[in-house]
Amino acid sequence: MRGEGSASPIIRSGAPVARTRELSFFRGIALSLRLLARDWRAGELRVLVVGLVIAVTSLTTVAFFADRVRQALSVEASQLLGADLVVVSDRPLDPAFAEQARVRGLRTVETVRFPSMTLHGERSQLTEVKAVGPGYPLKGRLTIDDGQRDLDKPADAIPLPGTVWVDERMLARLGVQIGDSVTLGSRSFRIAARVTEDPETSVGFLNLGPRLIVALVDLPSTGLIQVGSRVTYRLGLAGPLQAIRAFRTFAEARAAPGQRVEDVRDARPEIRSALERAEKFLGLSALLSVILAAVAVALAARRYLTRHLDGCAIMRCLGASQGLILRLHVQQFVVLGLAASVLGCALGFAGQVVLAAMLKPLVGVELPLPGLVPVAQGFVAGFVLLLGFAIPPLVALRKVPTLRVLRRDLGVPDTAGIAGYAVGIAALAGLILWEAQDPMVGAYVLAGAIGTMAGCALVTWGLMRVFAWTSDRAGFAWRFGLANLRRRPL
């Protein structure tokens, strides 16, 4: 009677499990959620969730802040260029460029640059002349000193016809002052102001010479533009990012020989170098958080595996197939990863707000709001870390032998050993290379991480050898404690 009484619960419990072989997708999801709720109440998943949330939070905090800094750097760099995009040509530009820009809702301004001699009495000076159209500059600040009270007055317009603005070097080398006249080509101009800040600076030799700004409408009257003159025509554009990208595609396809399209990275090599270095530095910060998060997730996944071996063995005894066990656990981890990623992204956004507030005195500029790319990075990183370190334990769970119900000493199936670490390291390596956005930087970080792990393993192995050598000379408690460490070296 005892045997029948003990068998009947197994039969009654086994029938529903046996029927789960034919579970539909939605019934499987419902069962996975019930199992997930049970594990959560039992505290089985809290360490794993905390590790994953910390991983996504640390990554998205850096990603959100890095995105804001990148946008701020781009905005500041565009102000140094005077525009978001510039079309440069060695001959007058086709009006179709300006027309297409206006159709796309972009603001435009035309400028003409060339070197010329500026005269004042018996003195002459090689000058970089810049003829500007209305609306200059599109980005940045143009400040002048008009000889009145304000030394750095923001210019609300371009020079009036018949007047020019010059820089301090021009005043010193020609020995002139505001209000004096200078000759440019065949025409005389009055110096109306001294330029104290000009966002658009030229690159190269001409940047070393004095500068003069004149209205574009006055340029034909000087008679300086002749056949064979060394002149650069520029069309500056500013507006929404998507419109700028679309116009750049059009302009690059339409550009003729001697014409090119530049943004701040092309026109200002020093700004491009600063942006690239800043992006690499911020990327390395994110990679460090990824590596630390991977360690936390790996430890939590290992704990999850060891605590679910018995339950999976019982399910196997009650008729659950290997595929069903794997499916139920994968569904649990997908739901878990989704919830942890959402929470981690929210905490990451809050964290970057605090970080931006702390670093605001050092940054010195207003940081724009971050985009949605860091959110996608957080979700991808969360699922890669979770599944990369959870797939081997899940595979191990589906292969738990039914004999483990009677023999608890069978241990963990082999699929969670070296293969598990290999899959986790491969997932981490792929995530590092993706986050680095530079194969060389990613390879350096990956090599450093592997070298660090190898060094730690070597040190640990040396300590275990020392423990084995000193255990016989230690006390009773030390001998048993060190013996326990030697039995579980991993």
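Predicted model: local features only at pLDDT ≥ 70, side-chain atom pairs only at ≥ 80, totals over all residues.
Reader: How many helices and strands?
Author: The chain has 15 helices and eleven strands. Helices (H or I, at least four residues) and strands (E, at least two) are DSSP runs, numbered from the N terminus.

Reader: What share of the chain is buried?
Author: Buried residues make up 41% of the 490 residues. Buried means under 20% relative accessible area, exposed over 50%, partly exposed in between (1.4 Å probe, protein chains only).

Reader: And what share of contacts is between residues 24 or more positions apart?
Author: Of the contacts with a separation of 6 or more, 78% are between residues 24 or more positions apart. Contact means heavy atoms within 4.5 Å.

Reader: Which residues touch the most other members of the largest nonpolar core?
Author: L45, L48, F333, L385 and L397 do, in a core of 41 residues. Such a core is a set of buried Ala, Val, Leu, Ile, Met, Phe, Trp, Tyr and Cys residues joined through side-chain atoms within 4.5 Å.

Reader: Which helix gives the most to this core?
Author: α9, with nine residues. Helices supplying at least two residues each include α3 (46–81), α9 (269–307), α11 (322–363) and α12 (373–398).

Reader: What does L397 touch?
Author: Y304, L305, H308, L309, C312, I325 and H329, not counting residues up to four places away in sequence.

Reader: Where is the kink in α12?
Author: At A390, shortly before the proline P392, and about 35°. The bend at a residue is the angle between axes fitted to the seven residues ending there and the seven starting there.

Reader: Q332 next. Buried or exposed?
Author: Q332 is buried, with a relative accessible area of 2%. It is found in helix α11.

Reader: Which residues does Q332 touch?
Author: S32, L35, L36, D39 and Y304, leaving out residues up to four places away in sequence.

Reader: Strands now. Why is β10 largely enclosed?
Author: Six of the seven residues of β10 (residues 232–238) are buried, so the rest of the structure largely encloses this strand.

Reader: How many bridges join β1 to β10?
Author: Five, and the strands run antiparallel. V88 has R234 as its bridge partner in β10. Two strands pair if DSSP finds at least two bridges between them.

Reader: And β2 with β10?
Author: β2 (residues 107–120) pairs with β10 in the antiparallel sense over seven bridges. T108 stands opposite L237.

Reader: Which residues does the cis peptide bond join?
Author: Y136 and P137, with omega about -5°. P137 is in the loop between β3 (123–132) and β4 (143–145).

Reader: How many disulfides?
Author: Zero, taking a disulfide as a pair of cysteine sulfur atoms within 2.5 Å. C345 counts as buried at 8% relative accessibility, while C456 is partly exposed at 46%.

Methods
Residues numbered from 1 in each chain as written. Heavy atoms only, no water.
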